[in-house]
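Work through the exercises below with the coordinates open. Each task is followed by a solution in steps.

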Amino acid sequence: MDTEILSRIQFAFTIAFHYIYPPISIGLGVLLVIMEGMYLRTGNKIYENITRFWIKIFSLVFAIGVATGIVMEFEFGTNWATYSRFVGDVFGSALAAEGVFAFFLESGFLAILVFGWNRVSPKMHFFSTIMVSFGSMLSAVWIVVANSWQQTPAGYHIVNNGGFLRAEITDFWAMVFNPSSVDRLLHTLSGAWLTGAFLVLSVSAYYILKNRHQDFAKKSIKIALSLAVFASLFQLFTGHHSASGISTNQPAKLAAFEGHYNTSPAPLYLSGWVNNREQKVEFGIAIPGMLSYLIYGDTEKPVKGLNEFKPEDRPPVNLVFQSYHLMVAIGMALIGISLLSLFMLRNDFLFRNKLMLKILLISVLLPQFANQLGWISAEVGRQPWIVYYLLRTKDALSKSVTSGEVIFSLILFALIYALLFVLFLFLLDRKIKHGPDDISGADAVYSEYKEIFQKN
Amino acid sequence: MDLNIIWFILVGVLLTGYAILDGFDLGVGALHLLTKGDEDRRISINSIGPVWDGNEVWLVTAGGALFAAFPDVYATVFSGFYTAFMLLLFVLIFRAVAIEFRSKQESKHWRNAWDIAFSISSIIIALLMGTALGNIITGISLGPDKEFSGTFLSLLNPYSLMIGITTTALFMMHGSIYLVMKTEGELQNQARNRVNNTIIFFSICFVTVTMATLIYYPGMAAHFKDYPVFFIIAILNMLAIANIPREIHLGRNFRAFLSSSATIGLLMILFAIGIFPNLVFSNPNPEYSLTIYNAASSQKTLMIMLIIAIIGMPFVVSYTVIIHKVYKGKVRIDETSY
């Protein structure tokens with residue numbers, strides 16, 4: 001195999017593995033702020049138990065996120081040196097901002113969050129929780145800005161630098177607020193909130209099913225469910241906004257999302273299989289004219305098809321079509337599960353309904369799948385470009401790296417990530433089975449009257 | 001002073017911050033197996049427990065700053081030292097796993113195995129970092145396209161490996177002083193004895209490396225000849241090293257730690273003066289060297305990043321100080337420990 005395909009495989013593998021963790025940190029971070037805020041407000045020890053328990057999970061997830069994140073930062077240089085030379089000037093400021101503003105904030109206050117219960121005042125601890133949560137979202141901001149710039153470059157010009165072309169920044173804010181960054185950031189963040197919320201829902205449902213830590217689990221569910229309902233509905237809005245943005249900024253990507261070849265009024269597929277040779281969607285279930293309607297508010301308006309683009313400028317259609325549609329389907333399912341659970345919360349029916357609890361238990365995987373599929377749609381949909389219409393992926397490789405070296409590193413990554421993943425599951429399982437430490441003694445209800453939620 | 005020089009200094013500051021901070025936790029790791037008994041080893045690991053993760057962030061940020069300020073250096077070095085960097089990543093992750101995993105099972109064999117993993121990976125990281133610095137001094141083979149044209153084995157030359165060993169010795173000294181600061185009783189006595197041994201080990205390495213540099217790479221001394229005032233830094237460095245055993249003897253452990261931090265900082269300054277204005281020296285064909293001018297981002301980007309750094313740096317310094325203040329004093333093992 002050649003260096004290009006090996007480097008693509010390695011990048012895809014390492015980024016996909018990395019992206020299991022940051023969404024959990026971001027989502028769980030928001031929930032920790034709510035949980036600890038409830039504790040400070042009510043003084044009810046149960047919320048301290050909840051917060052302490054989820055901080056343990058958070059620290060585990062965060063540690064793996066950092067370790068696999070270092071790999072990503074190195075890989076731009078090791079495997080994609082030509083790309084690094086081309087984008088360094090633009091990408092640089094975003095990355096510098098991420099390092100200075102976000103990484104130090106997160107990792108610094110994390111030390112207090114995890115190890116500081118007995119060393120700082122409750123207010124200082126709460127402040128640290130807020131800072132860690134804020135920092136984790138801030139790192140999402142800068143990395144999504146950099147990635148969005150690759151999708152929709154803005155605020156730059158191309159300069160000849162000692163015989164090599166590269167992009168140089170002309171307008172920092174135009175680069176930051178490039179046409180797709182806000183939509184994609186909100187879409188990414190709400191995906192992350194869903195990931196955190198469904199992790200808490202799943203573990204809590206497990207406790208209720210096992211008849212353990214009932215009070216703990218019910219309160220956790222209420223907190224997580226409020227975020228899940230908000231994020232799943234918000235995701236619908238940001239998803240729609242992103243798709244309309246793509247129709248103007250990256251029409252070839254949108255055409256691939258829907259397997260749309262000829263410029264004409266376009267249907268919205270619910271599912272199907274793209275036959276690239278015959279240029280049609282087989283076994284498709286579609287709403288006629290719906291895509292045109294969603295974008296232009298008119299079912300008759302033509303949408304640009306793939307045939308408007310040269311064959312060498314098109315992404316692999318069926319992969320993008322499938323990942324995009326699966327992502328949308330999961331998004332819809334998450335809305336359904338969230339709303340149904342909320343409805344069933346009346347009279348605590350949810351806590352007695354084994355079926356729904358089992359659904360919650362397994363649905364921890366759904367946002368994870370949706371996140372991965374969404375990134376596949378976004379990144380494979382951008383191909384063959386690494387920077388849209390400026391640099392092709394195949395031209396972005398490191399020139400001094402041989403395929404043998406990449407095979408070696410790929411094997412190393414396969415080994416260490418297998419070890420990391422086993423470690424993660426093992427520790428997660430232990431922490432969940434161990435459950436929250438019960439530190440709620442007689443004083444657990446010392447300020448019951450202040451509670452916001454009624455006791456169950 | 002132009003923006004390129006400012007960024008040369010800032011990247012240097014980040015790398016120095018990394019060397020001082022991760023230096024002591026790598027040093028604690030390198031010496032870990034010398035500590036016997038499970039309780040003492042737990043104290044050893046937990047002395048760096050709350051901070052090692054944050055210390056590594058300095059590496060991430062230094063890498064990011066290099067990418068942003070000198071993209072050609074980042075691209076050339078990371079792709080040229082491909083296998084070395086992959087090994088570095090592997091041991092960095094492996095070490096993190098070892099710290100997290102070690103105390104999760106009671107079994108003696110389990111803990112012993114992870115102790116070994118923790119210690120060896122700490123040593124390899126220090127060695128690799130030092131060897132990389134060594135190759136910047138010896139120079140690597142670059143083409144007119146700014147690409148590395150040597151092999152992995154050519155990076156493992158005797159001089160660079162010697163710098164690698166010196167770095168390891170330096171971190172061991174730094175880590176042992178940190179342990180003296182963080183421990184008490186019998187464990188502290190052991191650590192204190194180790195400070196003396198590691199100072200001797202480091203001093204021997206340091207003298208050897210200095211002689212080798214002056215003989216084989218006299219270019220590193222060129223700026224010192226032109227500006228004799230820089231000799232003050234070399235003298236301060238000597239004084240900082242000599243001050244360590246004195247402070248330890250007087251029981252002023254924190255001052256000893258500051259002294260060894262100063263040693264690391266001054267060594268980095270000596271290194272920076274030596275290579276200036278090159279970032280990657282090309283050997284042979286010095287005309288292909290990557291300098292702070294031909295490998296830099298545009299003036300506009302350097303300016304934007306400077307503004308970001310000026311806004312952000314006070315925050316970074318204050319968090320670092322706050323965190324180290326919170327964890328000041330001796331290690332306490334509680335339910336949140338490793």
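Axes are lines fitted to C-alpha atoms, for helices over the stretch in contact, and angles run from 0 to 180 degrees between N-to-C directions. Helices (H or I, at least four residues) and strands (E, at least two) are DSSP runs, numbered from the N terminus. This is a predicted model, in which local features need pLDDT of at least 70 and side-chain atom pairs count only at pLDDT 80 or more, while totals for chains, interfaces and linings use all residues. Residues are numbered from 1 along each chain as its sequence is written, and chains are lettered from A and ligands numbered from 1 in the order in which they are written.

**Exercise 1.** Describe the packing of H5(B) and H6(B) by angle and distance.

Step 1. Helix H5 (residues 82-102) and helix H6 (residues 108-138) of chain B have axes 8 Å apart, at an angle of about 150 degrees.

Step 2. Angles under 35 degrees count as roughly parallel, over 145 as roughly antiparallel, 65 to 115 as roughly perpendicular and the rest as oblique. H5(B) is therefore roughly antiparallel to H6(B).

Step 3. A crossing is left-handed if the near helix is turned anticlockwise from the far one by less than a right angle, and right-handed if clockwise. H5(B) and H6(B) cross in the left-handed sense.

Step 4. Residues are in contact if their C-beta atoms, placed from the backbone, lie within 7 Å. On H5(B) the contact includes Leu88(B), Val91(B) and Arg95(B), and on H6(B) it includes Trp114(B), Phe118(B) and Ile125(B).

Step 5. For classes, Ala, Val, Leu, Ile, Met, Phe, Trp, Tyr, Cys and Pro count as nonpolar, Asp, Glu, Lys and Arg as charged, and the others, Gly among them, as polar. The contact of H5(B) with H6(B) has 16 nonpolar, two polar and four charged residues.

**Exercise 2.** Characterise the side of chain A that touches chain B.

Step 1. Contacts link 57 residues of chain A with 56 residues of chain B.

Step 2. On the chain A side, at least two residues each come from helix H3 (45-79), helix H4 (81-115), strand E2 (164-169) and helix H15 (403-434). H4(A) gives the largest share, 25 residues.

Step 3. This side of chain A has 34 nonpolar, 15 polar and eight charged residues.

**Exercise 3.** Which peptide bonds in chain B are cis?

Step 1. One joins Phe276(B) and Pro277(B), with omega about -5 degrees. Pro277(B) is in the loop between helix H12 (253-275) and strand E1 (278-280) of chain B.

Step 2. Another runs from Asn283(B) to Pro284(B), with omega near 0 degrees. Pro284(B) is in the loop between E1 and strand E2 (290-291) of chain B.

**Exercise 4.** Is Asn211(A) buried or exposed?

Step 1. A residue is buried if 20 or more other C-beta atoms lie within 10 Å of its own, exposed if 12 or fewer, and partly exposed in between; C-beta atoms are placed from the backbone.

Step 2. Asn211(A) has 8 other C-beta atoms within 10 Å, so Asn211(A) is exposed. Phi of Asn211(A), a residue other than glycine, is positive, near 60 degrees.

Terms used:
Contact = placed C-beta atoms within 7 Å.
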